[in-house]
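Subject: Handover of a structure for your study

Dear colleague,

Please find below the sequence and structure that I am handing over to you. My account of what was found follows directly after.

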Amino acid sequence: MAGKFELWTDKGGDWRFNLKAGNGQVIATSQGYASKASALNGIDSIKNNAPGAEIVEIEK
């Protein structure tokens with residue numbers, strides 16, 4: 001099963017989304033967005049930009 005995005009409004013009225021793996025585990029959670037359109041743009045950005053994203057290891 002492919003992953004999926006779940007979109008909802010939080011208690012404060014912001015739009016948020018989770019990206020879930022095929023097994024149902026949440027693998028990414030968004031920031032809050034003021035509008036549904038902005039949240040959908042965030043989802044589109046992940047779809048378009050993440051496939052080629054580099055991995056950078058940082059020290060903390």
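Asn 41 is exposed, with a relative accessible area of 51%; the scale used here calls a residue buried under 20% relative accessible area, exposed over 50% and partly exposed in between, with a 1.4 Å probe and protein chains only. This residue, Asn 41, is found in helix α1, which covers residues 36-49. From Asn 41 to Gly 13 the separation is 28 residues in sequence and 17 Å in space, C-alpha to C-alpha.

Before going further, please note that this is a predicted model, in which local features need pLDDT of at least 70 and side-chain atom pairs count only at pLDDT 80 or more, while totals for chains, interfaces and linings use all residues. Residues are numbered from 1 along each chain as its sequence is written, and side-chain values use heavy atoms, with hydrogens and water left out.

Overall architecture

The chain has one helix and three strands, and their order along the sequence is β-β-β-α. Helices (H or I, at least four residues) and strands (E, at least two) are DSSP runs, numbered from the N terminus. The radius of gyration of the chain is 13 Å, whereas a compact globule of 60 residues would have one near 10 Å; the radius is taken over C-alpha atoms, and the globule rule is 2.2 Å times the number of residues to the power 0.38. Of the 60 residues, 15% count as buried.

The strands

Strands β1 and β2 pair in the antiparallel sense over six bridges; two strands pair if DSSP finds at least two bridges between them. Within this pairing, Trp 8 has Arg 16 in β2 as its bridge partner. The hairpin of β1 and β2 has five residues between the strands, and Gly 13 takes a positive phi near 95° there.

Strand β2 also pairs with strand β3 (residues 26-29), in the antiparallel sense and over three bridges. Here Asn 18 stands opposite Thr 29 in β3. The hairpin of β2 and β3 has five residues between the strands, and in this hairpin Gly 24 takes a positive phi near 95°.

The salt bridges

How many salt bridges does a search of the whole structure find? The search finds three, where a salt bridge is a side-chain nitrogen of Lys or Arg within 4 Å of a carboxyl oxygen of Asp or Glu.

One of them joins the side chains of Glu 6 and Lys 4, at 3.8 Å from N to O. Glu 6 is partly exposed, with a relative accessible area of 27%, and Lys 4 is partly exposed as well, at 40%.

Another joins the side chains of Lys 20 and Glu 6, at 3.3 Å from N to O. Lys 20 lies in strand β2 (residues 15-20) and Glu 6 in strand β1 (residues 4-9), so this pair ties together parts that are 14 residues apart in sequence. Lys 20 is buried, with a relative accessible area of 18%. Through shared partners, salt bridges join Lys 4, Glu 6 and Lys 20 into one network.

A further salt bridge links the side chains of Asp 10 and Arg 16, at 2.6 Å from N to O. Arg 16 counts as partly exposed, at 25% relative accessibility.

Yours sincerely
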